[in-house]
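The sequence and structure come next.

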Amino acid sequence: MSQITLVRHGQANTGARDEASYDKLSDLGHQQARWLGNHLRDTGYHYPRIYSGTLTRHVETAQSMGFTANMVQDPRLNEMQYFSLAKALEEQFGEPVPTEREDFAENVVKVFSAWSDGRISQPYETWEEFQSRTQAALKDIAAGEGPALVVTSGGVIGMIMQYCLDLDPKATARIVLATMNSSLHRLYLMGNAISPDLFNAVPHLEAKDRRFAQTHL
């Protein structure tokens, strides 16, 4: 029996409205990652295998955590193109791209619904393609020896949870929305089964003077 620990990247550029502008950590995102790295070292966790996506915010998170030794960067762990999908939803169905934080939750559910149903024409990546690459990455990591640490994004974590728990797209969207920046998610491998036993944990942000850093966006 082994385990895989997923980490969502630290807070990124929350004011962005496109993929490129979003892809960098905020100052708070770097701090969240530093606290997380210190927590993992203080509690004695050892990860002989470390993976991340290739996005800037993934690499910056791993660097600020101090967990980059022999890190493997895998593009299959990169996030879906949410802003591109939201823009397509606006153009095709008149659903405005959110400009306020409180509007993102409803929009993400609508995007996931239309995307999974194949109603968004010519997406950058189909729902099935996103499913396929995240599952392939997970299975390849699961086939390796020893605990693994994986720095990725909320959409990838949501899709992995969908695979493990057989969730529908709406429930998957809710998982994605709930996932906090720099949060921990642990999967246990037992035979051919991959089972989550930890979701959205932020022990490094539980102290009273750090709760301000418990962010979702």
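## Terms and basis

A polar contact is a pair of N or O atoms within 3.5 Å; within protein, one atom must be able to donate a hydrogen and the other to accept it, and residues adjacent in sequence count only if both atoms are side-chain atoms. The model is predicted, with local features requiring pLDDT of at least 70 and side-chain atom pairs counting only at pLDDT 80 or more, while totals for chains, interfaces and linings use all residues. Residues are numbered from 1 along each chain as its sequence is written, and side-chain values use heavy atoms, with hydrogens and water left out.

## Strand β4

Strands are DSSP runs of E with at least two residues, numbered from the N terminus. In strand β4 (residues 148–152), five of the five residues are buried (under 20% relative accessible area, with a 1.4 Å probe and protein chains only), so the strand is largely enclosed by the rest of the structure. Ala148, Val150 and Thr152 point one way from β4, whereas Leu149 and Val151 point the other way.

## Pairing partners

Strands count as paired if DSSP finds at least two bridges between them. Strand β1 (residues 2–8) pairs with β4 in the parallel sense over five bridges, and Ile4 stands opposite Ala148. Strand β2 (residues 49–52) also pairs with β4 in the parallel sense, over four bridges, with Ala148 as the bridge partner of Arg49.

## Ser2

Ser2, which is found in strand β1, is buried, with a relative accessible area of 17%. A polar atom of the Ser2 side chain lies 3.3 Å from the backbone oxygen of Gly146. Leaving aside neighbours within four places in sequence, Ser2 is in contact (heavy atoms within 4.5 Å) with Gly146, Pro147, Leu187, Tyr188 and Leu189.

Conventions: Buried < 20%, exposed > 50% of the residue type's maximum accessible area, 1.4 Å probe, protein only.
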